[in-house]
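Trainee: Please take one part of this model and look at it closely. I would like to hear about the contacts, step by step.

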Protein chains: 2
Amino acid sequence: MNRIITISREFGSGGRTIGKMTAERLGIPCYDQELITKLAEKSGFTAEYVKERSEYTEHAGWFSNAFSGRSLDGTSNQDYLWVIQRKILLELSEQESCVIVGRCADYVLRDHADCLRVFIHADMEKRADRIVRVYGETKDAPKKRLREKDRRRAVYYQFYTDMEWGKAQNYHISLDSGTLGIDCCVELLTQLY
Amino acid sequence: MNRIITISREFGSGGRTIGKMTAERLGIPCYDQELITKLAEKSGFTAEYVKERSEYTEHAGWFSNAFSGRSLDGTSNQDYLWVIQRKILLELSEQESCVIVGRCADYVLRDHADCLRVFIHADMEKRADRIVRVYGETKDAPKKRLREKDRRRAVYYQFYTDMEWGKAQNYHISLDSGTLGIDCCVELLTQLY
């Protein structure tokens, strides 16, 4: 049976880097950007659109998600992407052992694959430093960007999985990458796998 | 500077055993039952009373805690125990490197010591099995016992720390002892330390 590592992460925590480095160490592929490309191909939307709408709600408001952008039969582009994304994740998990970053893969693959469910987080200060270093400055202050991203990701997660984002009980292991350091997280995950 | 491992744990997750085994491997003391003895000595209450009232609210109701058993000046026996407990934890952390199980030590020592904050959890099925094996049967079904313990511990934690119980972000590492196994958790913590 294929063994999958799913990595959920707070924005700016270095979860994607940890996923890539762990996959490299284990000699298995890591799916992150590649998922967006696949999703764009299958859905017909642009990669940019897919990236935004496959992990985040459109607005930061807690109640807006359920009602925004829905067609007359009640489905939205986001629901449509969710269905395709789910199918891609299930196919991937049947195909090979791999690391999957984000996309609620922990939830989708919960009963379908041998998964190690990982959550990576870090405190606000360290994440703010990191996003400026990695993604550069924008007109919004880094902490404001983080708060909005966190909130939109949490709403998205809760809407489609009915579970609480960042609750330790949902994962096999949760790591504070800010304190432990990225290399240490990679080491622990490689060993656990 | 002394290095402390604080272990918060769901009831029945084996967190106490993990604490003891990790401490043994590291050759440092583990405080758990010993804290209750100290607390009983200093407070004048019995060990039995202290055990119940130093980690749990009296009732399972979410709002009862703030109002139950308070004297005219607004403090309760529980508040009194909290103050003594806090003092004992701070003294311990200045005294030696050690493992401390429970007692909100993660919160109390947050700004006072070099702490590795750990949260141990496991799913309901595995915890129910474990409490029957370790603590024996009682008239209440194991899952009912677990739900009540969880809720009372969460309320206690939230009341005194104003933080959410079991939120990954509050800990450096959270581990699912049910899936990973107790030995694996001990191994990871020993390495991290």
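Mentor: Over all chains, the search of the whole structure finds 20 salt bridges. Each is a side-chain nitrogen of Lys or Arg within 4 Å of a carboxyl oxygen of Asp or Glu. This is a predicted model, in which local features need pLDDT of at least 70 and side-chain atom pairs count only at pLDDT 80 or more, while totals for chains, interfaces and linings use all residues. Residues are numbered from 1 along each chain as its sequence is written, chains are lettered from A and ligands numbered from 1 in the order in which they are written, and side-chain values use heavy atoms, with hydrogens and water left out.

Take one salt bridge. A:R127 pairs with A:E10, their closest N and O atoms being 3.2 Å apart. A:R127 is in helix 6 (residues 124-135) of chain A, and A:E10 is in the loop between strand 1 (3-9) and helix 1 (15-26), so the pair ties together parts 117 residues apart in sequence. Helices (H or I, at least four residues) and strands (E, at least two) are DSSP runs, numbered from the N terminus.

Now the interface. Across the interface of chain B and chain A, the rule finds zero salt bridges. It does find 12 residue pairs in polar contact, both at pLDDT 80 or more. A polar contact is a pair of N or O atoms within 3.5 Å; within protein, one must be able to donate a hydrogen and the other to accept it, and residues adjacent in sequence count only if both atoms are side-chain atoms. On chain B, strand 4, strand 5, helix 8 (177-180) and helix 9 (182-192) each supply at least two residues of the side that touches chain A.

Each chain puts 21 residues into the contact, meaning heavy atoms within 4.5 Å. Of the interface residues of chain B, 100% are also interface residues in chain A, so the copies meet through the same surface.

Strand 5 (residues 173-176) of chain A joins strand 5 of chain B by three bridges, antiparallel. Strands pair if DSSP finds at least two bridges between them. A:S174 stands opposite B:S174. Within chain B, four bridges join strand 4 (residues 114-121) to strand 5, in parallel. There B:H121 stands opposite B:D176.
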